[in-house]
Amino acid sequence: MVKIGAMHSEISNIVILTGAGVSAESGIDTFRAAGGLWEQHRVEDVATPEAFARDPELVLRFYDMRREAIQTKQPNAAHQALARLEREWSAQPGRNVLIVTQNVDDLHERAGAKNVLHMHGTHFNAWCTACDARLGWTGPLIHRPPCPACEAPALRPDIVWFGEMPYRMDEIYTALGRADLFVSIGTSGAVYPAAGLVRQAREMGARTLELNLERSQGSRWFHETRLGPATRVVSEWVDELVGG
């Protein structure tokens, strides 16, 4: 089998899906991390619209804690490698890299990536449910600060909770239709619609590559799978494409 990294002459447009595994080595808990924050709270209690309606203080406190913690973390070698890939690959005429992330941290951007879509929102935005404004936000929300746009005390985390529709799906599907290569990094393959993107990409004719600590639930849809820590396997793959 020809490794995808060796096929760079046949690749122009790359779409990369990243999940929690790409940020785990920066010290950000994956969704199922033993002993992590998610283990201390049921999803139903902190990550659904019903939870927010039932106990907004619990939900806001949880996300305030996450937002504060993420600001102490730093991008790792995987984030830096993807930013390098975007910078060097996209500098060549007719080539493009899009990073679609399920993560709500900002480590891709802090590593230097520019072309990033946050399909599940971001900790660093607040959404006003009164006027629909979305605003950059780094502080707490627990005290119900007024919306800077309309002054209503109606801000919530701009995070896609379970039961809500992910953001920018039309853009993502359009990018998949143009992709020569779809790469999934650090995802479990358990959360839809993100888990279905590999099948969509493959049906549209793209080659598919999985870089993960272990095989995902959708591993059978990938032409090639490479296993190991993201800092190693992502860096090695990027070196293959743009040179070590």
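**Exercise 1. Find the strands that helix α7 (residues 169–178) lies across, and its angle to β1.**

Solution. Helix α7 lies across β1, β2, β3 and β7, and runs at about 135° to β1. Helices here are DSSP runs of H or I with at least four residues, strands are runs of E with at least two, and both are numbered from the N terminus. Angles run from 0 to 180 degrees between N-to-C directions, with axes fitted to C-alpha atoms, for helices over the stretch in contact.

A word on the model before we go on: it is predicted, so local features need pLDDT of at least 70 and side-chain atom pairs pLDDT 80 or more, while totals for chains, interfaces and linings use all residues. Residues are numbered from 1 along each chain as its sequence is written, and side-chain values use heavy atoms, with hydrogens and water left out.

**Exercise 2. Work out the strand order of the six-stranded open sheet, and which strands stand at its edges.**

Solution. Start with the order, which is β3-β2-β1-β7-β8-β9, with parallel pairing; two strands pair if DSSP finds at least two bridges between them. Next, look at the ends: β3 (116–118) and β9 (224–227) each have a single partner strand, so one side of each lacks a neighbour in the sheet. From one strand to the next, the twist averages 15°. Now zoom in on β1 (residues 13–18) and β7 (residues 181–185), which are joined by five bridges. Thr 18 has Ile 185 as its bridge partner in β7.

**Exercise 3. Describe how α5 and helix α9 (residues 230–242) pack.**

Solution. First take the geometry: the angle is about 20° and the axes are 8 Å apart. That makes α5 roughly parallel to α9, a term for angles under 35 degrees. Then sort the residues of this contact: twelve are nonpolar, two polar and three charged. Nonpolar covers Ala, Val, Leu, Ile, Met, Phe, Trp, Tyr, Cys and Pro; charged covers Asp, Glu, Lys and Arg; the others, Gly among them, are polar.

Methods: Contact = heavy atoms within 4.5 Å. Parallel < 35°, antiparallel > 145°, perpendicular 65-115°, else oblique.
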